[in-house]
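Please consult the sequence and the structure shown below alongside the text.

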Amino acid sequence: MSGTTKINIDLTSTITQEKDSETFHKNIDGEIKKDDKTIRVSYLEDGTIPVKMLLKDNELILRRGVDHQNYSLMRFVPGEKQACRYVVSDRQMDLTSVTNLLEYEPQNDGSEKLHIEYDLFSGLYLIGNYTVTLIFT
């Protein structure tokens, strides 16, 4: 089992809702911890909101939030629908995600890349399509 390593995270997120698309790009300091079966990544979004990711086999679990009441929890498994809770402005929404792609791979430059593509639904209504790429260096 290895220890925790400080990393830089190059995060790019694209949200497509109906005909509108918006891309966000951030560089964030974080930490990564690997063992034989899991990869754990943690960082502070916008310097204040803790984000924790757990990657194992073909599954990603993401928790975002500051306390036990106010947090988002999402689980991504390729080809599967997953119930998730999403908190925005202290309002909880129960949504469903459908993961289209989940890839984690080392890059030629020594960095590692996590790429997720998913759709988010409220009931049968498609909220949007999301693509998130994180590059760890």
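Glutamate 103 is part of strand β8, where strands (E, at least two residues) and helices (H or I, at least four residues) are DSSP runs numbered from the N terminus. The model is predicted, so local features need pLDDT of at least 70 and side-chain atom pairs count only at pLDDT 80 or more, while totals for chains, interfaces and linings use all residues. Residues are numbered from 1 along each chain as its sequence is written, and side-chain values use heavy atoms, with hydrogens and water left out.

Glutamate 103 counts as partly exposed because its relative accessibility is 31%; buried means under 20% relative accessible area, exposed over 50%, and partly exposed in between (1.4 Å probe, protein chains only). Leaving aside neighbours within four places in sequence, glutamate 103 is in contact (heavy atoms within 4.5 Å) with Lys113, Leu114 and His115. Its C-alpha atom is separated by 13 Å from that of glycine 79, which is 24 residues apart from it along the chain.

Histidine 115, one of the contacts of glutamate 103, belongs to strand β9, residues 112-122. Histidine 115 is classed as buried because its relative accessibility is 12%. Beyond four places in sequence, histidine 115 also contacts Leu101, Leu102, Thr131, Val132 and Thr133, among others. With threonine 133 there is a side-chain to side-chain polar contact at 2.7 Å. A polar contact is a pair of N or O atoms within 3.5 Å; within protein, one must be able to donate a hydrogen and the other to accept it, and residues adjacent in sequence count only if both atoms are side-chain atoms.

Serine 111 is located in the loop between β8 (91-106) and β9. Serine 111 counts as buried because its relative accessible area is 3%. The side chain of serine 111 forms a polar contact of 2.5 Å with the side chain of aspartate 109. Outside four places in sequence, serine 111 touches Pro106, Ile135, Phe136 and Thr137.

## The nonpolar core

Which residues have the most contacts inside the largest nonpolar core? They are Ile9, Val41, Tyr43, Met53, Leu114 and Leu134, in a core of 26 residues. A nonpolar core is a set of buried Ala, Val, Leu, Ile, Met, Phe, Trp, Tyr and Cys residues joined through side-chain atoms within 4.5 Å. In soluble globular proteins, nonpolar side chains tend to be buried together.

Leucine 134 is in contact with Ile9, Asp10, Leu11, Tyr43, Met53, Glu112, Lys113 and Leu114, when neighbours within four places in sequence are left aside.

## The largest pocket

The largest pocket holds about 670 Å³ of space. Of its 27 lining residues, the closest to the centre are Ser13, Glu45, Arg64, Tyr86 and Tyr118. The lining comprises 22 nonpolar, two polar and three charged residues. Here Ala, Val, Leu, Ile, Met, Phe, Trp, Tyr, Cys and Pro count as nonpolar, Asp, Glu, Lys and Arg as charged, and the others, Gly among them, as polar.

On a 1 Å grid over the protein atoms alone, a pocket is an open set of points where a 1.4 Å probe fits, with protein on both sides within 12 Å along at least five of seven lines; lining residues have an atom within 4 Å of a point. Grid points are joined across faces, edges and corners, and the volume is the space filled by probe spheres set on the points.

Leucine 54 lies in strand β4, residues 49-56. Leucine 54 is buried because its relative accessibility is 17%. Its contacts beyond four places in sequence are Thr38, Ile39, Arg40, Glu59, Leu60 and Ile61. Of these, isoleucine 39 is 15 residues apart from leucine 54 in sequence and 5.9 Å apart in space, C-alpha to C-alpha.

Proline 78 sits in the loop between β6 (71-76) and β7 (81-88). Proline 78 is partly exposed because its relative accessibility is 27%. Not counting residues up to four places away, proline 78 touches Asn58, Thr99 and Leu102.

## Positive phi angles in two loops

Most residues other than glycine have a negative phi. Glutamate 18, in the loop between β1 (4-17) and β2 (20-34), has a positive phi near 55°. Aspartate 57, in the loop between β4 and β5 (59-65), has a positive phi of about 45°.

Glutamate 18 counts as exposed because its relative accessibility is 72%. Aspartate 57 is likewise exposed, with a relative accessible area of 81%.
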